[in-house]
Structures are given as C-alpha cells and as structure tokens.
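Trainee: I would like to learn how to read side-chain and strand features in a protein model. May we work through an example together?

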Amino acid sequence: MKYIKVYTKQAAGAEYPNSFANSVHFALCGEDGKVEELNQGCGILYACAKIREDDTLLERGVKNPVLFEKDGQYGILAEYVDAQGNPQKPDTLLLWNTEDFVDFSEQREVSRAEYSAYLESGNRMLPVTDEQSEKIRARFIPLCSVSAEYPKKISVRNVEELSAVSARVTYSDGSMDEKRIYWDEQEIHALNSGSTGILHGEIRAVSPKFPQAVGYADPVIFHWEGVWYFLATNDNVNDIGIFVRRADTVEELFAPDVKEYCILAQDKEKGLVQTFWAPEFHVIGGALYILFAVSGKAWGPQCHFMKLREGGEIIRATDWEEPVRVVRQDGSPLTQDGITLDMTWVRSGGRGYLVWSYRRGIGTPLDTGSMLYIAAAHEEKPWVLTSEPVLLSRPLFGWENTKGTINNEGPYALYANGRIYLAYSGGDACGYSYAVGYLVAEDGADLLKPDSFKKLPSPMLRSTFVEGINGPGHNSFFQDEDGRWMVAYHAQERGKYNCRCSTYHRVHFSADGIPMLNVSGERDISKEIAKIAVEVEVCEK
C-alpha cells in the first residue's frame, strides 16, 4: 500500500525562499517508511498572488495543507499566508481538486466554515492504489534509463554501415528513445573484409558540459540552408549589438576558436543604443527574421523585427534590412507606458501569433511585474498586429514571483503530439530561482482565447532539476542533426565566471507525451547500460 502525503517546507535562503517553501509539496510514502519526494522536492501547487487595485501583485502562499476524499475526487485544502508566512484571510481556505494527483483543477477560494471538518482532521496522508502510485511516479519522479536494446551480432558489408546501428533505451515510465552508438575507432580500423570480431561501443547522453558559451543568455540554436547558427544576448559586450556564430555542426558552434559576426551594431542616430536583448531567428512566410528588443538613449527596451534580404547571408550585416519596431493595428507603438521584450512567433490553426513580455512601472512601487501577451499577425508584415493584445499569463505563482523579481518572460513554443507547449521563464532572471514553466494548448486552437491555454502549476526546469545547473531559464527549442528535440537555455555560473552562460540538452518525451526537461546526464543514459559490446562480421566484398 502506498500513501500520498502533503506538506510545506521551511525556507532555506535564496536557494529555497518562502515563495517556494510556502506551497503544497507532495510525497509518496510506503508502509516500509520509505518516502519519495515528488517533483524533486519542489512545491507543486502554489497560491495565486492577489492583483491589487493599482495592478500590482500581492504575493501569497499556503500553510497547513490537508487531504480529503469526496465523491470520487480528492481535495487539497490549505490556509492562506502572506509572503513572510503570516496567516491571512482567516475565514477563507484554498481548495484544489484532482482525480489522480497528476492533473489538478485551478485553485478556488472556499468558506472555512464549510470545510472546517476536513481542515480540523489534520489529514495529511491518504492511501492510493498501485496504479495511481505508478502514474504519480511517472509524472513527478525524474525518469531514468533502465535498459538498452541493440543487436548482439551484426553483419555489415563495410564499417561505414555501423553508423546506422542504434540502441533503443527504455526509461522508468516505459517511454523509449533511439540513441546513436559511438564505436571504438581503433577497433573499427582493425576490422577487415571477411573478418569477425568483438566491437565495443558507448551509448551517450546528449548533455554537453555546462557552460557551452560563457557570458551568453537567452540562447537560440538554428538550422538554415544546411548550416547551424547560434544567437544570444551577449553579456560580454554589455548587451550592445547582435552577434551570430556559424558552424557545420551544433558542437562546433561552441568550439574555442569559433568566429563571431556582428550583424547589428550600436547606432545612436538610429536609436539602437542599449539592451540588445533576446534575439530569435524565425522563418515567417518563407522569409527569415530576427525578433529582438532594443533601447534608445533612454533605457526602455521595445520589440523589433529585422528581415534578411532575399538571397542574403546571415553573417553579413549589410544583408539585413533596417530594424522596425513592432506596432499595433493603427500603427501606434506596442506600448506607450512600459517595456516590451522577448517576442516570439507561434503558429496554430493556420494563423500566426506574436507572444511577448510586457511590464509597467519597473523599479517603482507600481511595478506590475512582467506579463505575457499575445496578438495575431499576418506573415506579410508580421511586425504589425492584426488584433488587440490579449493577456496570457501573469507571475501569480510563488515560483514566478520571488525576492521581488516578478517575471513571466522568454516565451518559446515547442510543437509536439498535437499540442503547443509554450515554455516561459519566471522568477529572478539572474539568480538561483529562475525557472521554466509551460502554458499548454491544443495545436489548432484559437490562441487569442486565454482559455485555450492551461498553465501548469509547477516549473518544468529549475535549480537542482539537472545536476550542476543553477537558475536555468529563458529557453528555446531546436532539432539536432539526428532530429532529436533539444532545449537550449542559460543558467547562472557563480563560481568561475560569475555570469550567465548557455548550454543545451535533450528533451525527453514521457510515456504520456509530455516534453520533460529534466532527463539529462546519468538519467538519460546510466553508466550501467552505456557500455556495450557486439559481435561484428564484415562480409567479404
């Protein structure tokens, strides 16, 4: 018999502040006393911040969560607390419902008097079936490789055919991934026509060592006309200018001697002065654009488009048209009273959309926090909105709203299994608490309807989710040379370089089709199954 348990945690400084600790955590408990924390010890359900009349946010958390079962559903109740953990709203409780402890309803406020019996029971544990337990583990316990299948005997006409041999790795939830085998080069060279021998190989995780690019944030890795490109915010030059790398492989983009090209320099006369932030490549209507933010002499980044001329070279500055600022339907600026940044392009149902981050009052008592907005746009002039902007998301959850850093930013879409996973970042963009979450919609839905998106309550990637990575965020997705989906992101390097640095690793699709961002390194391929040996026969010519 297994039991599901709910609890909160004690805050632990910057590594786990109140905004994380004052949330509902879950664990699976066995009759033998073994306890498995879910979601790698990170809270799963968070109280929404209150939106004040002046449009600022009042952070809130929870304490004393309890469980109950009623009418075939489970309920999770908790008491409100403020940002410091002090009791709030004594007559009101927060309630979530679930059927499986995997998908949860949106929170709602209920009368304490109506649910007082459940709260007073203090019931923090309920039994779950083995089937329920396995489903919970598959979603909230990190997946890991458990076995690898590959041919034990191979007949080839020449050693070049060995490159087509792969291994199928199975993971703890039953999902699988086809992986390349890296053969021992000396043993390959020793194989001759008509010979037979034992050949050793290794199945490797696609988890490059962090960092790959020092002093680069908001990374994008892009394939265009047979060549790979790397684009990012360049902290090494104080975020002035747009720089791009070009290489024949993804790995070569991060070689020590890779050349870098400035394709947009500072130009005070044109108002291109500072905060050249978060550039992204997007192909729209067959043309290539870079979407980015930039400020003039006065600080205040705003979203811009820059188009590659037909037949132009990405690395040649003169082959890019002049940047244009994104405008509304009537030609007016996207905003007159705040900043806009981190714009991305999304498609659904044959329509194009722009998604970006907007913030008012930054650095003042009227700071709204950064919010995600969406609007429709046509491919012919994608920098001109064709609808009114619609609010998608605000940083209401504790993991998005921490230490006074209240962010929803860096949106980027992954299309998989009939869904759009709009990844975005929340929390402190330069700190330990930065994290990546998902807004999920059905591919083909009208994205101007906010109800088309479901906001997952807990982060998909944060500090401690991947070994050696602190403060991961502002990600993008790409498919590598083998067609595998990869996630690129920056994280904090506070030991050697003391700056934001970029890296990437493989996206793993769970048995339920969810793109998981925490299957990396040893979890992706364990040492116990990585080394292989097969009998190889090279047929006579």
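This is a predicted model: local features need pLDDT of at least 70, side-chain atom pairs count only at pLDDT 80 or more; totals for chains, interfaces and linings use all residues.

Trainee: Let us begin with strands. How many bridges join strand β13 to strand β14, and in which direction do the two run?

Mentor: In a regular strand the side chains alternate between the two faces of the sheet. Here, β13 (residues 166-171) and β14 (residues 176-183) run antiparallel and are joined by 5 bridges.

Trainee: Which strand is joined to β14 by 3 bridges?

Mentor: That is β15 (residues 196-203), which runs antiparallel to β14.

Trainee: Are K179 and D177 buried or exposed?

Mentor: K179 is buried, with a relative accessible area of 1%. D177 is buried as well, at 13%; the cut-off for this class is under 20%. Their side chains form a salt bridge of 2.8 Å, N to O. Through shared partners, salt bridges join D177, K179, R506 and D524 into one network.

Trainee: How many salt bridges does the count give?

Mentor: The count comes to 31. Among them is the pair of E36 and R137, whose side chains meet at 2.7 Å, N to O. This pair links distant parts of the chain, with E36 in strand β3 (residues 35-37) and R137 in helix α3 (residues 130-140), 101 residues apart. E36 has a relative accessibility of 14% and therefore counts as buried. R137, at 25% relative accessible area, is partly exposed.

Trainee: Why is the pair of F222 and F281 called stacked?

Mentor: The planes of the F222 and F281 rings stand at 25°, so the pair is stacked; the cut-off for that class is under 30 degrees. F222 lies in strand β17 (residues 216-224) and F281 in strand β21 (residues 274-284), so the pair ties together parts that are 59 residues apart in sequence. F222 is buried at 13% relative accessible area, and F281 is buried at 2%.

Trainee: What are the distance and angle for Y289 and W383?

Mentor: Their centres are 6.4 Å apart with 55° between the planes, and this pair is tilted. Y289 is in strand β22 (residues 287-295), whereas W383 is in the loop between β27 (371-377) and β28 (390-393), so the pair ties together parts 94 residues apart in sequence. Y289 counts as buried at 2% relative accessibility, while W383 counts as partly exposed at 22%.

Trainee: Which residues do ring pairs link into a cluster?

Mentor: The cluster consists of Y216, W228, F230, F254, F478 and Y504.

Trainee: Where does the charged end of K9 sit?

Mentor: The charged end of K9 sits over the ring of Y16, at 5.5 Å from the ring centre. In another case, K152 lies over the face of Y150, 4.2 Å from the ring centre.

Trainee: Finally, where is N407 placed, and what does N407 touch?

Mentor: N407 is in the loop between β30 (405-406) and β31 (408-416). At 4% relative accessibility, N407 counts as buried. A polar atom of the N407 side chain lies 2.9 Å from the backbone oxygen of G427. Leaving aside residues up to four places away in sequence, N407 touches R359, S370, P395, E400, S425, G426, G427 and A429.

Methods
Residues are numbered from 1 along each chain as its sequence is written. Side-chain values use heavy atoms; hydrogens and water are left out. Helices (H or I, at least four residues) and strands (E, at least two) are DSSP runs, numbered from the N terminus. Buried means under 20% relative accessible area, exposed over 50%, partly exposed in between (1.4 Å probe, protein chains only). A polar contact is a pair of N or O atoms within 3.5 Å; within protein, one must be able to donate a hydrogen and the other to accept it, and residues adjacent in sequence count only if both atoms are side-chain atoms. Contact means heavy atoms within 4.5 Å. Two strands pair if DSSP finds at least two bridges between them. Rings of Phe, Tyr and Trp (its six-membered ring) pair if their centres lie within 6.5 Å; planes under 30 degrees apart count as stacked, over 60 as edge-to-face and the rest as tilted. A charge sits over a ring if NZ of Lys or CZ of Arg is within 6 Å of the ring centre and within 35 degrees of the ring normal. A salt bridge is a side-chain nitrogen of Lys or Arg within 4 Å of a carboxyl oxygen of Asp or Glu.
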